[in-house]
Amino acid sequence: MSYTYIDSDVLLKPLLAQISLTPTLLLDTEFIRVSTYFPKLGLLQLHLNSVDYLIDPLVLNNIQSLWDTLFAENKLFIFHSCKEDLDVLQTCSQKLPAKIFDTQVAAAFLGYGPSLGYAALVEQICAETVSKDQTLTDWLARPLTEAQKYYAAKDVSYLQPLYEHLTYHLDSTGKAEWFFEEMASLLTAKQQSIVLDDLYKDINGAWQLYPSELAVLRELAKWRYSTAISEDRPQNFILREEFLAELSRKRPQTERELAQIDITPQQRNRYGAAILQCIQTGMSQTTENHPARIKRMIDFPQYKQDFKQIKQVIDIAAENNNLPVELLGSRKLINQYLLWCYEGKDMSVEKPKLISGWRDTVLKL
């Protein structure tokens, strides 16, 4: 197998002309996201006109021309397991594709399992072996070895036959409409902005806190997220999540009291004043502005019975339609539906996924 390495604007220019003429793009990305909040793109792989292209974004001067060409004319982007690739592209280009085809999700709709890896799918459909020996590569280091480049190229080499095979069987089984609805839903989720005032709800231990303590947690969660964004560092590098609930319960007022919390001296020195300010802001909130206590699903007396009944319906429907249970009705989706029911079936908010779109067609709850 050969590939073409694009490491200059001169080499990029004719490739851009080819990209502009194709309605579909077969893509993969290699990136690093260890000590940063945002992923750092190390390599962009593109299979086009039977050639695997490896585009080096670290050396291109006119990288914007690549993004402009890729995202022109509503092209169909084809990936395998695309969620992280979409994060990378959105970070680098501030854009998302208009249409996507995820071969992993398509395979799930066809009964290959809920999250089959690229190598396993290639082996089953193409009868080819793809090595995963470079998984832990530092894709920001240069120069890349031939082994690394070969590995990266292989990650797009088989996307075309996978796409053709899966498209044919989605059509023949009548699942194409379901699949593309799922793809549209995934893109919609990626486009939704973070609601800062809701971040506290997902913090471990939040359900144990009283409203006055949740008011503090809300401020701490907002601060930690905003600081991670501004400094481009993972949120747990700013402050580990396990400390947020403890700070909200103990609510230290001084640096001396803050020192009793088991956060690192470096974090106290750097963020101590901000943490104390968050606590003061939360404590100053009036009772009317306190968040309500967080209810766990288990706190609803009928939850276990309701969950079991819905799970049985999903299991039967999944088997009848050759779908993974995890795709049709995961625990998260069941809980989303039950909470909506317990809170009065508010029709002013978006209906739960279990009773909308293709899942509603299959389940008829």
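Biologist: Hi! Let's start with T69: is that residue buried or exposed?

Modeller: T69 is buried, because its relative accessible area is 15%, and the cut-off for buried is under 20%. One thing to keep in mind is that this is a predicted model.

Biologist: Good to know. Where is T69 found?

Modeller: T69 sits in helix α2, which covers residues 63-70.

Biologist: And what does T69 touch, leaving out residues up to four places away in sequence?

Modeller: With those left out, T69 touches L16, I19, S20 and K75.

Biologist: Let me step back a bit. How many helices and strands does the protein have?

Modeller: There are 17 helices and six strands. The C-alpha atoms fill a box of roughly 65 × 50 × 35 Å along the principal axes.

Biologist: What share of the residues counts as buried?

Modeller: Of the 365 residues, 47% count as buried. Looking at contacts between residues at least 6 apart in sequence, 67% join residues at least 24 apart.

Biologist: Nice. Now helices α9 and α13: at what angle do they pack?

Modeller: Helix α9, residues 211-231, packs against α13 at an angle of about 145°, and their axes are 7 Å apart. Their crossing is right-handed.

Biologist: Which residues in α9 and α13 meet there?

Modeller: From α9 you have A215, V216, E219, L220, W223, T227 and E231. They meet R270, Y271, A274, I275, C278, I279, T281, G282 and M283 in α13. By type, the residues of this contact divide into 10 nonpolar, three polar and three charged.

Biologist: One more helix, α16. What span should it have?

Modeller: Helix α16 has 12 residues, 331-342, so at 1.5 Å a residue it should span 16 Å. The end C-alpha atoms are 16 Å apart, which agrees.

Biologist: Which residues of α16 are buried, and what do they pack against?

Modeller: The buried ones are L333, I334, N335, Y337, L338, W340 and Y342. They pack against α14 (303-320), α15 (325-328) and α17 (357-363).

Biologist: And what comes just after α16?

Modeller: Just past that helix, G344 takes a positive phi of about 100°.

Notes: Residues are numbered from 1 along each chain as its sequence is written. This is a predicted model: local features need pLDDT of at least 70, side-chain atom pairs count only at pLDDT 80 or more; totals for chains, interfaces and linings use all residues. Side-chain values use heavy atoms; hydrogens and water are left out. Helices (H or I, at least four residues) and strands (E, at least two) are DSSP runs, numbered from the N terminus. The expected span of a helix is 1.5 Å times one less than its number of residues. Buried means under 20% relative accessible area, exposed over 50%, partly exposed in between (1.4 Å probe, protein chains only). Contact means heavy atoms within 4.5 Å. Axes are lines fitted to C-alpha atoms, for helices over the stretch in contact, and angles run from 0 to 180 degrees between N-to-C directions. A crossing is left-handed if the near helix is turned anticlockwise from the far one by less than a right angle, and right-handed if clockwise. Ala, Val, Leu, Ile, Met, Phe, Trp, Tyr, Cys and Pro count as nonpolar, Asp, Glu, Lys and Arg as charged, and the others, Gly among them, as polar.
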